[in-house]
Structure formats: structure tokens, C-alpha cells
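Me: Hey, can you walk me through this structure? I'd like to start with the overall picture and then zoom in.

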Amino acid sequence: MMSPVYGLIYILLAPIAGGLVAGIDRKITARMQGRVGPPLLQPFYDVGKLFEKENLVVTRSQDLYALCYLVFMLVAGALFFAGGDLLLVIFAFTLSHIFLVLGAYASSSPYSFIGAERELIQIIAYEPMIILSAVGMYMVTASFFVSDIVVSSIPIVLYLPGVFIGFLMVLTIKLRKSPFDLSTSHHAHQEIVKGVTTEFTGPNLGKIEIAHWYEYVFLLGFIFLFFAFSIPIALLAIAVAYLLEILIDNTFSRVKWQFTLKSAWIIAGMLGLINLAVLYYLSGGLQP
Amino acid sequence: MTYLKRSPWIIHYDASSCNGCDIEVLACLTPMYDVERFGIVNTGNPKHADIFVVTGSINEQNREVVKNIYEQMPDPKVVVAVGICATSGGVFRECYNVSGGIDKIIPVDVYVPGCAARPESIIDGIVKSLSILEEKRTKMNTPAAKKDALGGGIQ
């Protein structure tokens, strides 16, 4: 049963929630480094400022690509929260990132190019695991629809522990956290200039930042699905998972792209596929 | 309500500095001073930056680089010259290869003297530049400036 109301609530409230999550993230990160850190609302100030700046582009098509990134992220998240088909959600989610890569390629800048290539490598690294998560949820609940998965009383995480750990692993890539912040990162430390966002200025960068807030809420919502049988446990799991990501972010240095790709695929293959194979064997077929 | 003053992102460029001022600029980011309290982030990308922090003086090697970085920054933008070399050339001003301070090439808004400039005075200089940044933003949004930007911008 799809409910567009939840999709609409997501469109309206997700930027606020996502921005707050980003603010808490920066505050906790600062405290972990022994600093005072920025105000909690700093991400909102940053984006507000970006919209006050001049829009400097190499080619006008960058405007379109940045907007498409935001719009398709919105579509993916809204479909997810409205209870849509998980496979369609993942499709829209990947498409939005392709627009970001195209935007970086459009600007014929070498730094932007390297960032775009690394973003593509990241997409290749995390995509299998996200699809395996959807397949795992189908095997447990016999439905690809978020609306069916979320009302199921089965503790999905107990059936899919390997898939969940694999998902946490790709979450590090998706949230642009060290050690996998290859294409661009939120930290002050500088990589190949600023990777995929190098050539986006002012309002375009603001749009990318807002899209990232939507992405935060969508990914945390995905964790919720694993624990949908009990809302308090699910909220606790989301908080613990996010704190773990911040801890990992501040503990590890960045790795090479080869390691990112290999480790993401090996963990997806080992934990994800074996988990699904065991589940298939125990249930004696696809229907639980 | 303006957000510009609450979120100034800087780009730091070392123009033939002896690294004395550079280390003091980096000291501002440490837990001791922590400029992220004011939302200041050291970006390293001119296209994301609002404040151009330059240390050291202009010579033949970096003349074009300083100009290039300045031109890549989106408006409104300010320039902060940190250290006595950046403000006037300092003790090196008579050298055969040194042209002088940063203002020989690009308009400087705030001068932070010192050899090396202390982190406190650097932070003070950047905070002073914020009101200039705000002034430039209001000037940018006047109808005359908008018309000018449409007609005479870099195409």
C-alpha cells in the first residue's frame, strides 16, 4: 500500500533532519578531535551562504546536472518513504549519482575528471551490496515494496546479519566518510582539490549539499527497514550505526581506490552472498 | 539575515613565504584556536572559497598564480594579506626578484602585519574581513551592479 503523504513529508522535512544530522556529525567530529566545533546549525549557514554567492560555471549544463542530482535524489527518497518498490528506489538513487558524475565530466577540468572517475568507482563498489540488501529483504518478507517490509513483524536483521554488516560497510562509502571518501569529502582536509565537486560553485554546490541531506535521511531510513519490527530498537540502531560511522571516520586514514573496490566487493560477496545462500537453503526455496 | 558572515570559507596560498606565516595560519585550525567555531573552513579550492588568505610576497614565479586563483573565486570575495611580506614585501622588498606586497597584483582588503603574524591577529584579520565581505555582497545585489555583471562579465 503506497502512501504519498509520507513521501510528501519526506520532501518537506528531510532537509531539516538531514541538515541537523550533518550538524551533529560535525560537532561530534570536533569533540573527538578535542575541538569546540561549529554551531549545530552550521550546515544551514553554509548552504544559505552558498545561495548568496555568484554562480560561476564552466558550462551551463552543470546547472542542469546539479539540479537533476537533487531532483532524482528527491524522487528516490520520496518513493522509498511513500512505500514504493525498493528496486525502483535503488534505480533512481543510482541515476541521481550518475548526474553528479556527468556534471563533473561536463566541466573539462582534470581535478573534476579524477573526482568523477572516483565517484564512478565508488558507485561500482557499493551498488552490488545495496541490491543484495533489497534481495535479502525480498527473501525474508516476500516483497520488494517498502510498505510491506516495514509492517512485517519478522526481525529482518536476525535473518540478514551478513547483509546488514555489508550494508554498514557501503554506508561508509555513501556517507563520504574516511577511509572511503575518495571522490570528495566533507572535511577540511584536501584531496585532489575537491574531487567531484571542484567545479561547482555557489548555488550549484548548495543544491548538491541539500541532495546530500536527502541522501542522509534515505540511507538512515534504509537501516530502519532492518529493524522495522520494533521502532525503539530501530531508532537506537540508527543512532548507534551513525555514531559508529563518525568513529570510523575519525579513526582511519583514506585508502586507495583499489582497496575500496576490493574490500567492498569481497565483503559483499562473503557476507552478503553467503548470508543469502544460507537463508535460501534453510527456507528450502524462495518463499519463506 | 545574512549567512555569509557565519560561513566564511578560506583558501590559503603560500606566495614565496618562508613558511613562518603558513604554520601560523595552520595553527588557527588546531584545537588550540579552532576557527571552525566561526564556521571557517580551509577549502583548498578557489571555486568554493570566500576569503583569499595570502602569505609571502609577489615574485615573477607566482604573479600569474595569485592572479589566477583570485579570478577563479566567485563573488563576493575578499583578500587578506597575512604577514609583513604579503603586506609590503617586508625585508625582501629590495630583492631583485621581489615585486612587493600582494596589492601589486590584486586588491587587498585586510592587511595583517607581523613576522610571523600571530594566530590571534590572523583570526582578527579574517573576522574584520567579514564585514567587508558583507559590504561587497550588498553592493553586488544593487541593480546597477547586476546590469554590469550581465554586460561585462567573463564570457
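This is a predicted model: local features need pLDDT of at least 70, side-chain atom pairs count only at pLDDT 80 or more; totals for chains, interfaces and linings use all residues.

Me: OK, how many helices and strands does chain A have?

Reply: Chain A has 11 helices and 0 strands.

Me: And what radius of gyration does chain A have?

Reply: It's 19 Å for chain A, which agrees with the value near 19 Å that a compact globule of 288 residues would have. Along its principal axes, the C-alpha trace of chain A spans about 60 × 40 × 40 Å.

Me: How much of chain A counts as buried?

Reply: 49% of its 288 residues. Helix 9 of chain A has 23 of its 25 residues buried, so that helix is largely enclosed by the rest of the structure.

Me: Where is helix 9 of chain A, and how far does it reach?

Reply: Helix 9 of chain A covers residues 202-226 and reaches 37 Å from its first C-alpha to its last, close to the expected 36 Å.

Me: Switching topic: how many residues does each chain put into the contact?

Reply: Chain B gives 20 residues and chain A gives 25. The chain B side has 6 nonpolar, 7 polar and 7 charged residues.

Me: Why does Cys18(B) count as partly exposed?

Reply: Because Cys18(B) has 16 other C-beta atoms within 10 Å, while buried takes 20 or more and exposed means 12 or fewer.

Notes. Residues are numbered from 1 along each chain as its sequence is written. Chains are lettered from A and ligands numbered from 1 in the order in which they are written. Two residues are in contact if their C-beta atoms, placed from the backbone, lie within 7 Å. Ala, Val, Leu, Ile, Met, Phe, Trp, Tyr, Cys and Pro count as nonpolar, Asp, Glu, Lys and Arg as charged, and the others, Gly among them, as polar. Helices (H or I, at least four residues) and strands (E, at least two) are DSSP runs, numbered from the N terminus. The expected span of a helix is 1.5 Å times one less than its number of residues. The radius of gyration is taken over C-alpha atoms; the globule rule is 2.2 Å times the number of residues to the power 0.38.
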